[in-house]
Amino acid sequence: MALSHLAASASRSSSLLKPLSSALSLRRSISGDNSPLTVETSVPFTSHQCEAPSRSVETNPKELLTFFRDMALMRRMEIAADSLYKAKLIRGFCHLYDGQEAVAVGMEAAITKKDCIITAYRDHCTFVSRGGTLLEVFAELMGRQAGCSKGKGGSMHFYKKDSNFYGGHGIVGAQVPLGCGLAFAQKYSKDETVTFALYGDGAANQGQLFEALNISALWDLPAILVCENNHYGMGTAEWRAAKSPAYYKRGDYVPGLKVDGMDALAVKQACKFAKEHALKNGPIILEMDTYRYHGHSMSDPGSSYRTRDEISGVRQERDPIERIRKLILSHDLATEKELKDVEKEVRKEVDDAIAQAKSFGADRKEVRATLP
Amino acid sequence: MGFRNIIGRRLGLGLVRRRKPFSTATCDGDGNGNAKSINLYSAINQALHIALETDNRAFVFGEDVSFGGVFRCTTGLADRFGKARVFNTPLCEQGIVGFGIGLAAMGNRAIAEIQFADYIYPAFDQIVNEAAKFRYRSGNQFNCGGLTIRAPYGAVGHGGHYHSQSPEAFFCHVPGIKVVIPRSPRQAKGLLLSCIRDPNPVVFFEPKWLYRLAVEEVPEHDYMLPLSEAEVIRQGSDITLVGWGAQLSVMEQACNEAEKDGISCELIDLKTLLPWDKETVEASVRKTGRVLISHEAPVTGGFGAEISASIVERCFLRLEAPVARVCGLDTPFPLVFEPFYMPTKNKILDAIKATVNY
């Protein structure tokens, strides 16, 4: 496609919104193609003890459209989970990821299913990006047997063995040493794979994290520690909990990179860079500067420790889906209507999955009726 | 304020005990003074206010305690006593307890909160190896008796694996600390004040299910309830039931049902699990000849096992039936299957009947 040549010149300017020549009226299918496209990340990477990767990211229309669809699906899924929780079909704890979708899709785009991912309890979207189905998500949330953990884990414990998704952990920070253990096994098997161990800004102050970092660095493990910094550990702002909220630097002797976590392409670039680094040089920390629109969990309105202006400000300026939408539109990869159709499709998929999930297994009333 | 009574004697558990309960108040919480109907978290809140008011070297700290805490137990403390005495910590349980031990070692009343008992394990080493052994290993030069660790424990209906656990048994295995669990608001206030003022490090588990649900008349003044004294909360003659915390109300329901079948049940609230009041339980078993223990924690290795072994040792020839335990199942605390896991009223009732008819 002729788009690619113009894309190359467009990338020299720092604005990713520069439209390509309107003389091109070649139409492409909504699924896009693989013709290369280069886009600049929103901001350059900031690095610690290493050289930052370039902010020019190679992508293609197909990838961008996939990003859009996947993130729209995740967004819709989380919002649907919110409604299900309020309808008491989901009980217990439910930590939603909307706003942070770019981290999940960007990471997946840089790696393979043989690489391992392990995360904390805000895991619904990570599970989906690892290939989990909506049915498995909603069934698990509602405690049905068709759930990915047979309904026994619930929201915080999604797992997918065949794509090396090690879950889904309730205890803050506990998954990080585990992740480093996975990396050790990978190094031992010499299969050129890495582990991404995700944690939040709250977990960054757990002692076990530093133990894991030291071990990983000492033994050169292919471990990538990813701090999803959404700036609030439950209700505590990062500056109240951490002497140094520069989480990418906390590894001291371990290199780190600060990434705009709301930019899926920046995430992809950083993860690609991190994987290469980890395979050669051992652990590296990625700090994803991201944001969650919901509160910590469904019991938290999310507005007592941050202003509504802040939340809507992020939504307006940095929303990951909007970023990709603008990119797609400005590069003429799809029309607004086509993108809206995608969103409609995705909404229907989510609704169908919920309906299907509800048909499985016992619901709480049934369970109670058979009580001893 | 000196809490070490000069005629106190040291117990074999490495604890220091006063000869009689210490109280700044003229009543022990059962009668005089104004009482108001309040819930569990309010009672605990009152105890904390009084603790900080009466000892200016008392501190309250933990995750999110400043705004009042996730269960509102610490409401108003930061406003009243200031940020230097009531403050948030980062998310690091091991650090919280270690820090608390240090603070207590300097003679302060360190009241640390662990947000959920399920999260207490990173601090387990500090509690077991540091707090419990400090006085002993320093030949009494140092101690962290001023340390009290509070944590919400127990099932809440939808807590799942990590918001429902009852870890008391792990701590009951540690000479050098005390473990206390209140069953109601009035008990909680008096017991917590005793724990805070006790010259030994104490772990105080609060039944989260009861935070809002349990409402009782609680005297507004400063009062303390004695530790290591179990309470017979229901007199009976056919069987002794032993429990603590939220489980007692379930057991009480079972007792009521059993009564309809002509079974007279005696119900004992242990209150302090370590060191526990063997005498009271034994006296009851000598009366009834039968005992049933019930707790939410899984049955294997639960504290019921200790009670059972002790009672059999002491009352073997008196027993008319094996010691019964009606407890949580030996599984991780489930989310969807919680109703099956729990030691329900019906399970207890069945066990009462089986024991009585043995």
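Helices (H or I, at least four residues) and strands (E, at least two) are DSSP runs, numbered from the N terminus. This is a predicted model, in which local features need pLDDT of at least 70, side-chain atom pairs count only at pLDDT 80 or more, and totals for chains, interfaces and linings use all residues. Residues are numbered from 1 along each chain as its sequence is written, chains are lettered from A and ligands numbered from 1 in the order in which they are written, and side-chain values use heavy atoms, with hydrogens and water left out.

**View 1. Ser129(A) in helix H4.**
Ser129(A) lies in helix H4 of chain A, which covers residues 124-129. Is Ser129(A) buried or exposed? Ser129(A) counts as buried because its relative accessibility is 11%; buried means under 20% relative accessible area, exposed over 50%, and partly exposed in between (1.4 Å probe, protein chains only). Neighbours within four places in sequence are set aside here. Ser129(A) then contacts Met74(A), Ala104(A), Glu108(A) and Lys113(A). Contact means heavy atoms within 4.5 Å.

Chain A holds 13 helices and 10 strands. Of its 372 residues, 59% count as buried. Take the contacts in chain A between residues at least 6 apart in sequence: 74% of them join residues at least 24 apart. An unreviewed UniProt entry lists residues 69-359 of chain A as "domain: Dehydrogenase E1 component". UniProt positions are given in the numbering used here, feature names are shortened, and annotations may be inferred rather than shown by experiment. Residues 69-359 of chain A are 47% helix and 11% strand. The end C-alpha atoms of this stretch are 26 Å apart.

**View 2. The annotated domain of chain B.**
For chain B, an unreviewed UniProt entry lists "domain: Transketolase-like pyrimidine-binding" at residues 38-213. This stretch of chain B is 38% helix and 18% strand. Its end C-alpha atoms are 10 Å apart.

**View 3. Where chain B meets chain A.**
Here 23 residues of chain B contact 26 residues of chain A. The buried area is about 2200 Å², with 67% from carbon and sulfur atoms. Buried area is the accessible area (1.4 Å probe) that two parts lose on being put together, summed over both. On the side of chain B that touches chain A, helix H12 (338-341) and helix H13 (345-356) of chain B each supply at least two residues. How many salt bridges does the rule find across the interface of chain B and chain A? The rule finds 0; a salt bridge is a side-chain nitrogen of Lys or Arg within 4 Å of a carboxyl oxygen of Asp or Glu.
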